[in-house]
Amino acid sequence: MKRLSFSHLTSALVALAVLAPIAVLAVLASGAELDLGGQTTAIVANTLALTALTVTGAVLVGVPMAVATAHTDLPGRQVWLALLAAPLAIPSYIGAFAYFAAFGPGGELETLTGLETASVRGLFGAALVMTLYTYPFVLLTTRASLRQLDGSLVDAARSLGLPLGQALWRVVLPRVRSGIAAGGLLVALYTLSDFATPAILRLDTFTRIIYVEYNAFGLDRAALLSLQLLALVAVVLILESRVGTERETAQRPLTLALRPGVRAGLVAAMTLVLLAAVALPALVFGIWLWRDGAGDFDPVLVWNSAYPALLAAAAAVIVALPVAHAAAAGSAGRWLERIATLGFGIPGIVMGTALVYVGLRLDFLYQTMALLVIGYVLRFLPLAVGAIRTSVARVDANLIGAARSLGASPLEAFRRVGLPLILPGVIAGGALVFLEAMRELPATLLLRPTGLETLTTELWQVYEAGYFGRAAMPGLLLIAVSAVALVFTLSGENRLNKARGY
Amino acid sequence: MRRRTVLKALAAAGCLPPAAYGGAPGATGRGEGGSPGAGPVSVDSLPKLDGELTMYLGRGEGGLYENILAAIRKRNPGLELNVRRGPSTALANTLVAEARAGRVRADLFWSIDASSLGIVAEHATAAKVPETLRRQLKPGFQYADWIAVSGRIRTVPFNSRRLAAGDLPDSVMALPDTDFRFGWAPAYGAFQSFVTAMRLLEGEDATGAWLERMAGKATEYAGEFGVVMATSRGEVDAGFANHYYTLRLKQGQPDASVDLAFTRNDAGCLVNASGVTILRESELAVNFVRHLLTREVQTYLAREAYEIPLVAGVPTPEGLPPLAELNPPQVDLERLADLQPTLRLLRRAGVL
């Protein structure tokens with residue numbers, strides 16, 4: 001009982017901390033002029049159009065790939081899966097940066113090949129780039145639901161005379177709908193909160209205008225726009241909470257034999273996506289490195305990026321344990337968890353704006369590493385909670401009870417029985433928080449301690465100054481460190497899945 | 001290091017185009033208006049800096065200002081200098097918020113644009129500029145609340161394959177009447193200063209109309225180096241940018257298709273200044289600013305950054321017509337701090 005209340009107390013505190021920035025914004029926005037006029041309509045339209053196009057794109061790219069890597073006789077499916085998940089290691093603004101510089105008159109591609117290319121800008125440019133870096137969410141969630149399918153149902157449909165295409169449409173699709181929806185909503189959340197991609201590709205979305213207003217002495221307007229953006233985010237979160245997961249016991253894995261033509265088409269399409277998402281940015285940044293050299297790149301930036309992210313990962317895991325524990329214990333805990341994980345929906349630029357003002361009132365926090373880490377934790381805690389909750393749910397209370405009855409102290413029981421069981425979830429969650437915190441840009445710009453330049457802030461300043469060549473080192477290093485963190489995340493999840501018997 | 005060597009080699013090989021913009025080769029002589037006798041101070045004559053300083057640095061000009069800070073750090077091992085980098089407008093905004101909360105964190109604010117300096121001086125209590133510093137500066141650049149460090153001129157860079165200097169009208173107000181595509185960076189502090197100057201010279205209505213007409217033919221960039229690059233690539237025909245971006249681009253790529261045009265006696269050729277505000281007065285802060293006015297730093301700014309040195313007696317950069325041949329408008333830079341009405345116009349035109 002005592003442990004339970006401790007978990008609930010921690011959850012309640014975190015929930016309060018998440019709600020605080022929203023309260024701050026409400027106060028700041030109270031004086032704002034509402035006459036943003038036609039501008040607001042345009043911002044809403046741009047934001048919604050970008051989100052809709054990106055979700056559509058991510059589903060169109062992600063779902064066929066999920067089928068191909070889950071249920072076909074495609075050779076090397078595991079390798080394909082790893083490759084197709086790789087864009088997760090590349091922040092979308094790196095892609096935006098590369099596409100911005102590669103295409104258009106006088107772009108890197110024209111310089112390289114002499115062929116004129118159209119610019120990748122605006123709504124369609126931003127949607128294209130966002131799609132390339134968010135489809136893995138749909139791929140992974142859809143694949144997870146596909147893996148739970150019982151293959152014999154499809155076989156039954158086929159033996160009753162349904163052609164393959166129809167069988168997929170009528171038997172498979174309805175049962176993976178929730179997986180696709182979960183992935184699509186995650187994509188929507190990412191698109192709504194992404195700041196740098198629309199900024200680089202020049203689309204006036206909420207995040208970009210909030211940044212512009214914030215920097216043009218329009219703090220009240222920035223706060224008002226932030227609240228409007230949060231309303232959109234809330235819609236996505238409500239939809240997300242309605243997506244249920246149906247489970248069925250997988251009897252026999254389904255395997256589809258592909259006709260050679262279809263297989264060749266699939267391989268070509270997947271290769272094209274990889275070329276667009278991974279090879280092109282690597283090429284552009286590689287050209288810059290080759291042409292401009294490493295310049296006066298300061299290696300300390302790598303540490304400056306990793307250090308706050310490590311602190312955030314550790315803090316998020318420590319906070320996530322009681323939140324996940326409370327959520328597993330009952331409905332009150334689940335409600336607290338739901339509030340505590342709202343932070344993921346608060347875009348970085350909004351979180352940053354609010355916390356700067358918290359900092360100005362609480363002097364000991366202003367421009368400190370602590371405030372930056374708090375910002376990261378509030379924003380990325382849900383990732384840790386999600387990973388840890390699944391593993392906490394697996395810990396049978398009887399196991400701890402058995403250890404206690406055999407004479408173990410509570411601490412020993414946790415250390416020797418509980419912890420090993422939840423460790424894969426802790427590693428996966430921590431790595432995920434590290435990954436996101438390290439490449440976070442807008443909140444970092446606003447909250448970082450004076451003197452702390454990270455790989456992402458360096459990239460942003462290089463972009464604003466227009467000296468693209470100098471983006472090579474920070475860009476490539478950011479991808480490299482992200483890739484390592486991604487391997488940790490995926491291996492933690494793999495171990496979790498193996499333990500669950502998938 | 002490598003970059004600088006390349007630049008020097010280019011300069012030595014005669015790749016720099018000193019006469020490309022109608023300036024006579026002799027135009028790179030002594031700075032104008034320097035009071036005789038009050039030559040620039042050498043860094044060797046200054047006391048060593050010792051202690052902790054926090055500086056907010058508004059745009060590092062692509063690392064060039066950082067090179068100066070690095071050199072000062074190297075000379076003064078006792079100096080612990082914390083630098084917060086960001087767009088000048090963003091840092092001014094931060095400083096105003098800090099001043100309102102009564103917690104200004106910076107000793108110094110070095111900004112590329114006079115309006116940010118003026119706003120900060122207005123909201124945070126800036127220290128008065130010591131007379132000894134003020135006297136080192138050229139007449140016309142001696143202000144009460146901040147110390148001018150280097151000058152810059154608003155220019156119209158244009159794509160030299162598409163058009164010649166004569167194709168552009170010499171009045172900035174006539175530019176929206178042309179059929180050309182323009183590039184601009186409305187979030188950039190120096191651009192906002194240019195619009196403020198236009199407001200002061202032509203009035204609110206004319207400026208609002210200019211912005212609205214221009215918005216239809218302008219492409220937005222994040223910074224003015226981006227504007228100049230887009231102009232040379234032919235993405236746009238011409239643009240609005242501080243002079244040095246074009247000179248720096250030509251230095252790296254001497255055959256880039258971009259040249260400079262100047263308007264006459266209007267906001268389009270405003271002379272603006274970068275400068276420093278002392279926010280927390282101390283001997284250390286003042287001595288630090290002294291370093292920025294030394295012959296070494298001023299020469300570096302002119303040679304490497306192509307900025308106009310504002311300390312009397314330091315030569316102006318190559319490639320720029322002498323100030324005497326230009327017709328900059330009469331605008332008191334201290335009045336550029338009146339930014340709010342400008343932002344209102346930019347918002348109304350849907351440009352910001």
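Which residue in β3(B) is the bridge partner of Tyr56(B)? In this predicted model, the partner turns out to be Phe109(B). That pairing belongs to a set of 4 bridges that join strand β1 (residues 51-58) of chain B to β3(B), with the two strands running parallel.

Stepping back to chain B as a whole, the count is 12 helices and 11 strands. Of the 352 residues in chain B, 62% are buried.

Salt bridges come next. Over all chains, a search of the whole structure turns up 30 of them. One of these pairs Asp145(B) with Lys128(B), with 2.6 Å between the closest N and O atoms. The two residues are 17 apart and sit in loops: Asp145(B) in the one between α5 (131-135) and β4 (147-159) of chain B, and Lys128(B) in the one between α4 (114-123) and α5 of chain B. Asp145(B) counts as partly exposed because its relative accessibility is 22%, and Lys128(B) counts as exposed because its relative accessible area is 55%.

Buried or exposed: how do Glu224(B) and Arg154(B) count? These two side chains meet in a salt bridge at 3.0 Å, N to O. Glu224(B) lies in helix α8 of chain B and Arg154(B) in strand β4 of chain B, so this pair ties together parts 70 residues apart in sequence. Glu224(B) has a relative accessible area of 1%, so it is buried. Arg154(B) is buried too, because its relative accessibility is 1%.

A further pair is made by Arg213(B) and Asp177(B), whose side chains meet in a salt bridge at 2.1 Å, N to O. Arg213(B) is part of helix α7 (residues 204-215) of chain B, and Asp177(B) is part of the loop between β4 and β5 (182-184) of chain B, so parts that are 36 residues apart in sequence get tied together. With a relative accessibility of 41%, Arg213(B) counts as partly exposed, whereas Asp177(B), at 53%, counts as exposed.

Now for the meeting of the two chains. Between them, chain B and chain A bury about 3600 Å², and 43% of that is on carbon and sulfur atoms. On the chain B side, Arg84(B), Arg85(B) and Arg347(B) lose the most area to chain A, together making up 20% of what that side buries. In terms of contacts, 41 residues of chain B touch 44 residues of chain A. The interface has 7 salt bridges, and 20 residue pairs of the two chains are in polar contact. The elements of chain B that give two or more residues to this side include α1 (2-12), β2 (79-86) and α12 (340-348). The most comes from α3(B), which gives 8 residues. Sorted by class, the chain B side has 16 nonpolar, 12 polar and 13 charged residues. A salt bridge also joins the side chains of Arg121(A) and Glu235(B), at 3.3 Å, N to O.

Arg448(A) is located in the loop between α19 (442-447) and α20 (455-465) of chain A. It counts as buried because its relative accessibility is 3%, and the cut-off for buried is under 20%. A polar atom of the Arg448(A) side chain lies 3.3 Å from the backbone oxygen of Leu445(A). On the chain B side, the backbone oxygen of Arg85(B) lies 2.8 Å from a polar atom of the Arg448(A) side chain. Leaving aside residues up to four places away in sequence, Arg448(A) touches several others, among them Gln367(A), Leu372(A), Thr457(A), Arg84(B) and Arg85(B). Finally, a network of salt bridges links Arg448(A), Glu453(A), Glu458(A), Glu66(B) and Arg85(B).

Methods
Residues numbered from 1 in each chain as written. Chains lettered and ligands numbered in written order. Predicted model: local features only at pLDDT ≥ 70, side-chain atom pairs only at ≥ 80, totals over all residues. Heavy atoms only, no water. Pairing = 2+ DSSP bridges. Buried < 20%, exposed > 50% of the residue type's maximum accessible area, 1.4 Å probe, protein only. Polar contact = N/O pair within 3.5 Å; in protein donor to acceptor, adjacent residues only side chain to side chain. Contact = heavy atoms within 4.5 Å. Buried area = accessible area lost by both parts, 1.4 Å probe. Salt bridge = Lys/Arg side-chain N within 4 Å of Asp/Glu carboxyl O. Nonpolar A, V, L, I, M, F, W, Y, C, P; charged D, E, K, R; others polar.
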